[in-house]
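Here is a note for a colleague who is new to reading protein models. Please keep the sequence and the structure open beside it while working through the points.

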Amino acid sequence: MKKTILYTLLALSTCTTAFAQKDAQAKAILAQVSQKYKSYDVIKADFSLTLDNQQAGVKETQTGTLISKAKAGKYKVTLYSSAAVKDVDKEIISDGKSQWTYLKKDKEVQVGDAAKGGEGISNPSQIFTIYEKGYKYLYTGEQKIAGKTYQVIDLTPENEKQTIFKVRLLVDKVKKQIYSALLFDKNGNKYNYTVKAFTPNAPIPDSTFGWDAKAHPGVEVVDLR
């Protein structure tokens with residue numbers, strides 16, 4: 001089930017068609033979000049990702065950390081098998097040219113080309129800009145959580161063949177940052193991606209965005225290029 005969560009996270013940015021039927025208020029809110037996000041050099045975000053399927057009786061949550069240098073197409077996503085001790089389960093790393101997917105349990109790292117053009121497995125930090133391509137969007141009002149006000153925007157894909165048929169974004173009204181994205185798929189699954197902490201311009205060394213073989217002795221390298 002954790003693999004399902006991982007691959008859903010990585011597939012958030014697969015749409016490539018043009019904008020259509022945009023709601024003016026939603027467009028204005030998202031433009032502010034995009035402008036602010038793109039002003040940062042590096043961001044670090046702690047998140048939780050919950051898979052919920054009531055029909056199947058499944059509900060599972062995994063936590064992780066995203067570090068992204070969006071302008072350079074560099075990122076590192078770490079998913080934890082245990083949130084309490086931050087025990088690494090998987091890592092996805094890209095220097096903008098290559099991508100490494102490290103499966104700790106299997107003692108294996110898969111190497112491939114970094115995804116281009118938003119097709120296939122792409123930059124997971126695009127959760128913050130998911131609305132920019134291939135979606136119609138509609139502002140549906142405000143919601144309060146723990147005393148904070150969030151603006152609610154529903155996205156629907158222009159490509160009706162997509163498995164994900166709706167995404168609901170909650171945008172922090174004051175910070176102009178995406179707080180959560182709730183994805184609905186045609187199999188009855190709901191995936192709720194929630195940002196727990198967001199640090200702009202974090203002091204992250206560039207070596208973070210590359211595979212360190214010396215730090216992972218005994219890990220098999222599988223080159224898929």
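1. Basis of the note. This is a predicted model, in which local features need pLDDT of at least 70 and side-chain atom pairs count only at pLDDT 80 or more, while totals for chains, interfaces and linings use all residues. Residues are numbered from 1 along each chain as its sequence is written, and side-chain values use heavy atoms, with hydrogens and water left out.

2. The chain as a whole. The chain has two helices and twelve strands, where helices (H or I, at least four residues) and strands (E, at least two) are DSSP runs numbered from the N terminus. Read along the sequence, the pattern is α-α-β-β-β-β-β-β-β-β-β-β-β-β. Of the 225 residues, 47% are buried; here buried means under 20% relative accessible area, exposed means over 50%, and partly exposed lies in between, with a 1.4 Å probe and protein chains only. The accessible surface of the chain comes to about 11,600 Å², and 50% of that surface belongs to carbon and sulfur atoms; such areas come from the Shrake-Rupley method with a 1.4 Å probe, and for residues only the protein chains shown count as cover. Among contacts (heavy atoms within 4.5 Å) between residues at least 6 apart in sequence, 52% join residues at least 24 apart.

3. Strand 1 and its partners. Strand 1 (residues 43-53) is mostly covered, with nine of its eleven residues buried. Two strands are said to pair if DSSP finds at least two bridges between them. Strand 1 pairs with strand 2 (residues 58-69) in the antiparallel sense over eleven bridges, and ten bridges join strand 1 to strand 11 (residues 190-200), again running antiparallel. Leu-49, in turn, has Tyr-193 as its bridge partner in strand 11.

4. Two hairpins. Strand 1 and strand 2 form a hairpin with four residues between them, and Gly-57 in the turn has a positive phi of about 70°. Strand 10 and strand 11 pair in the antiparallel sense over five bridges, with Leu-182 bridged to Asn-192 in strand 11. Their hairpin has four residues between the strands, and Gly-188 takes a positive phi near 90° there.

5. Most residues other than glycine have a negative phi. Lys-107 is not a glycine, yet its phi is positive, at about 50°; Lys-107 is found in the loop between strand 5 (98-103) and strand 6 (108-113) and is exposed, with a relative accessible area of 56%. Asn-201 likewise has a positive phi of about 50° although it is not a glycine; Asn-201 is found in the loop between strand 11 and strand 12 (220-223), and is partly exposed at 47%.

6. Aromatic rings. Rings of Phe, Tyr and Trp (its six-membered ring) pair if their centres lie within 6.5 Å, and planes under 30 degrees apart count as stacked, over 60 as edge-to-face and the rest as tilted. By this rule there are seven aromatic pairs. The rings of Phe-165 and Phe-184 have centres 6.2 Å apart and planes at 45°, so this pair is tilted. Phe-165 lies in strand 9 (residues 164-172) and Phe-184 in strand 10 (residues 177-185), so the pair ties together parts that are 19 residues apart in sequence. Phe-165 is partly exposed at 39%, whereas Phe-184 is buried at 15%. Lys-166 lies over the face of Phe-184, at 4.7 Å from the ring centre; the rule for this asks for NZ of Lys or CZ of Arg within 6 Å of the ring centre and within 35 degrees of the ring normal. Ring pairs also link Tyr-37, Tyr-40, Phe-128 and Phe-198 into a cluster.

7. Which residues is Gln-151 in contact with, leaving aside its neighbours within four places in sequence? The partners include Ile-29, Tyr-139, Leu-169 and Lys-176. Gln-151 itself lies in strand 8 (residues 148-157) and is buried at 6% relative accessibility. Lys-90, in strand 4 (residues 87-94), is buried at 7%.
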